[in-house]
Amino acid sequence: MNWEKIISDRFYDHSKIYGKYLSILSMLGMGVGCFAIIISISVMNGFEDIVHGKLKGFEGDIRIYDNTKDIIWKNLEGIESVMPFMERKAVLEKTDNKKVVLIKAIDEEKMLSFYDFSLRGSVPKNGEIVIGQDLAYRLGTDMGELISVYSPIDQIVGLSSPFKRQFIVSGIFSTKVLNYDDQLAFITIEDGRNIFSRKKMIDGYDIRAKDNYSITMLKNNIKKMVGSEISLLSWYDQNKSLVNAMKMERYATILVLCLIFLVSTFNLAMNLSLISVQKTSEIGILRVMGTSESSIKKIIMKLGFKRAGLGAFLGICTAIIIILIQRQFSIIPLPTEIYFMDTLPMLIHIKDIFLVFVISFCFIFITSFFSGRKLAQLNIKEAIQWVK
Amino acid sequence: MGEVILDVDNIFKSYNNGQNNLEVLKNFSLKVIEKEIITISGQSGCGKSTALNILGTLDKPDSGTVIYKGKDVNKFNEKELSLFRNTKIGFVFQFHHLLYDFTALENASIPIWIKDEPLLKDHILNLFETLDMGDRMNHYPSELSGGERSRVALIRAIINKPSILFADEPTGNLDEKNSIKLVDLLQQINKDYNQTIILTTHNPYIAAIGHRQFILENGYLRK
């Protein structure tokens with residue numbers, strides 16, 4: 001018979017009448033704490049997921065600096081598509097506006113299928129260029145207009161002015177991630193060979209992995225084939241500082257939000273203290289009847305878990321329901337002129353729910369354990385003489 | 001002569017408030033024989049409750065031993081003490097100390113719950129009937145009179161068939177009629193269940209029910 005639960009339940013019912021508000025507060029505090037952490041993590045997950053997707057969509061999953069023509073790894077399992085590229089800093093000029101950007105020469109036929117971004121206009125043909133939205137704004141140009149491009153490093157040393165090539169702006173892309181929209185332009189491989197005259201070959205390939213195929217595994221498989229001399233970078237390696245910064249931000253947020261738990265723990269401790277005062281003489285008589293210290297601890301811990309645990313459970317459930325509703329119906333909009341999405345992204349993983357569950361469990365356990373221990377160690381003689 | 005179940009030898013107990021040292025029990029010795037009623041009387045504050053608390057393991061003496069069937073109870077660890085209190089002794093206090101959130105039946109059943117044994121319904125019902133509480137089993141303490149509460153506390157104290165029942169001024173909070181009834185019940189329990197009882201009281205009439213009667217005076221126990 002789980003008699004400790006029966007006694008704990010009766011004490012709980014009693015405290016719903018006496019100390020009702022403190023009881024509600026401790027339940028609410030734990031609920032709000034769990035709710036806030038789950039919602040915050042889900043929003044960070046949502047943003048992370050979108051940013052990661054954009055990064056991968058713009059750069060491919062893996063970049064290999066392998067300029068050989070016959071690529072031996074091309075048919076490896078897990079490779080969806082491959083994009084050859086050449087890239088170099090160059091100057092874009094429109095009337096008096098000049099801007100140093102990274103020019104990326106690519107296979108224009110694969111451009112739309114390989115990269116994932118919003119493009120106004122069309123992919124570049126020879127003599128055409130696709131530039132970022134912010135870059136277009138800074139240069140004061142638009143689609144169909146001419147801009148000059150030259151690569152200073154590829155100029156023949158002399159006193160003559162640099163050789164400039166005219167390009168028609170065929171398209172304007174928008175990513176709203178990092179500074180891509182301001183720092184990047186696409187041309188065809190053939191144009192690349194003409195402008196980057198000192199380059200003899202392509203720089204390497206961007207590789208797109210198949211959906212759900214492990215990028216790390218694919219990277220390792222390629223590495224095994226090409227050896228360690230050829231540089232191989234996953235999208236994560238290329239954006240390590242950004243990804244790590246986002247991770248740090250997530251940890252910091254969880255840490256700060258744990259303060260809510262801490263405050264609700266104080267409420268719970270106060271609540272259990274109140275019950276301890278109200279029930280001192282009854283605990284004393286239970287001890288007289290032969291209840292062990294560990295049973296008294298169990299009774300108080302069950303009480304703490306029933307109260308705060310219920311709050312935590314309700315908080316987690318409410319947060320999950322809100323996340324599901326937001327994912328399904330997008331009820332919380334975002335201004336598209338500021339963010340690169342029109343609705344608040346929310347994404348929650350089982351491991352995050354488990355993490356919140358563990359954190360709340362630890363807080364409730366520690367508070368209830370120490371409250372229970374204090375009560376269990378009461379002097380029996382004094383406890384039964386206790387007058388409320 | 002029956003078996004000595006509790007051998008109390010040379011107990012000393014004093015309280016110190018920082019300035020004064022009050023010696024409550026001096027050379028307190030007592031052999032409790034099974035099936036007997038022992039009464040300890042004395043004025044209020046003479047140390048009767050202290051003595052009972054020490055005998056019942058709720059307090060520890062400064063020196064001396066309390067031997068229960070050959071085992072020194074002061075050497076028990078926490079777990080052994082809890083088991084001892086649950087199965088070998090029962091307590092009735094001046095105030096009933098019932099748990100207000102539980103019915104009379106539940107209050108009486110708690111020692112069995114703690115013992116983690118199945119409820120012996122016949123035994124419980126028999127006790128409630130014997131103590132004239134059969135129709136009050138499902139009432140909460142707040143719905144019972146003072147006398148009834150004391151009887152529930154008495155049932156609770158003997159429900160696990162303890163070797164010794166300690167009654168610390170059990171009539172101290174009752175009117176004369178209920179006091180007489182409770183004392184009669186204690187005698188009946190002693191007779192029907194061979195229950196060993198140690199009872200403290202300041203009332204000489206109640207002290208007279210003891211097979212052996214002691215007086216506690218100036219810390220010394222005398223016949």
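# Briefing: a predicted two-chain model

In chain B, 73% of the contacts with a separation of 6 or more join residues 24 or more positions apart. A contact means that the C-beta atoms of two residues, placed from the backbone, lie within 7 Å. This is a predicted model: local features need pLDDT of at least 70, side-chain atom pairs count only at pLDDT 80 or more, and totals for chains, interfaces and linings use all residues. Residues are numbered from 1 along each chain as its sequence is written, while chains are lettered from A and ligands numbered from 1 in the order in which they are written.

**Chain B overall**

- Chain B has seven helices and 10 strands. Helices (H or I, at least four residues) and strands (E, at least two) are DSSP runs, numbered from the N terminus.
- The radius of gyration of chain B is 17 Å, close to the 17 Å that the globule rule gives for 223 residues, so chain B is as compact as a globular protein of that length. The radius is taken over C-alpha atoms, and the rule is 2.2 Å times the number of residues to the power 0.38.
- The C-alpha trace of chain B spans about 50 × 40 × 40 Å along its principal axes.
- Of the 223 residues of chain B, 44% count as buried. A residue is buried if 20 or more other C-beta atoms lie within 10 Å of its own, exposed if 12 or fewer, and partly exposed in between, with C-beta atoms placed from the backbone.

- Helix α1 (residues 48-55) of chain B is mostly covered, with eight of its eight residues buried.
- Those buried residues of α1(B) are B:K48, B:S49, B:T50, B:A51, B:L52, B:N53, B:I54 and B:L55.
- B:T57 follows α1(B) and has a positive phi, near 65°.
- Nine of the 12 residues of α3(B) are buried, so α3(B) is largely enclosed by the rest of the structure.
- The buried residues of α3(B) include B:E106, B:N107, B:I110 and B:I114.
- B:D116 follows α3(B), and its phi is positive, near 60°.

**Where the chains meet**

- The contact takes 20 residues from chain B and 18 residues from chain A.
- On the side of chain B that touches chain A, α2 (78-87) and α3 (104-115) of chain B each supply at least two residues.
- The largest share of that side, six residues, comes from α2(B).
- By class, the side of chain B that touches chain A has 10 nonpolar, four polar and six charged residues. Ala, Val, Leu, Ile, Met, Phe, Trp, Tyr, Cys and Pro count as nonpolar, Asp, Glu, Lys and Arg as charged, and the others, Gly among them, as polar.

**Chain A overall**

- Chain A has 13 helices and 10 strands.
- The radius of gyration of chain A is 32 Å, whereas a compact globule of 388 residues would have one near 21 Å.
- Along the principal axes, the C-alpha atoms of chain A fill a box of roughly 105 × 45 × 40 Å.
- Of the 388 residues of chain A, 37% count as buried.
- Among the contacts in chain A with a separation of 6 or more, 83% join residues 24 or more positions apart.

**Helix packing in chain A**

- Helix α9 (residues 240-278) of chain A packs against helix α12 (residues 350-376) of chain A at an angle of about 25°, with their axes 10 Å apart. That makes α9(A) roughly parallel to α12(A).
- Axes are lines fitted to C-alpha atoms, for helices over the stretch in contact, and angles run from 0 to 180 degrees between N-to-C directions. Angles under 35 degrees count as roughly parallel, over 145 as roughly antiparallel, 65 to 115 as roughly perpendicular and the rest as oblique.
- The contact of α9(A) with α12(A) has nine nonpolar, seven polar and no charged residues.
- Helix α11 (residues 293-329) of chain A packs with α12(A) at an angle of about 150°, with their axes 8 Å apart. α11(A) and α12(A) are therefore roughly antiparallel to each other.
- The contact of α11(A) with α12(A) divides into 14 nonpolar, seven polar and three charged residues.

**One strand residue in chain A**

- A:S148 lies in strand β6 (residues 146-150) of chain A.
- A:S148 is partly exposed, with 15 other C-beta atoms within 10 Å.
- The C-alpha atoms of A:S148 and A:K164 are separated by 6.0 Å, and these residues are 16 residues apart along the chain.
- Leaving aside its neighbours within four places in sequence, A:S148 is in contact with A:E93, A:K164, A:R165 and A:Q166.
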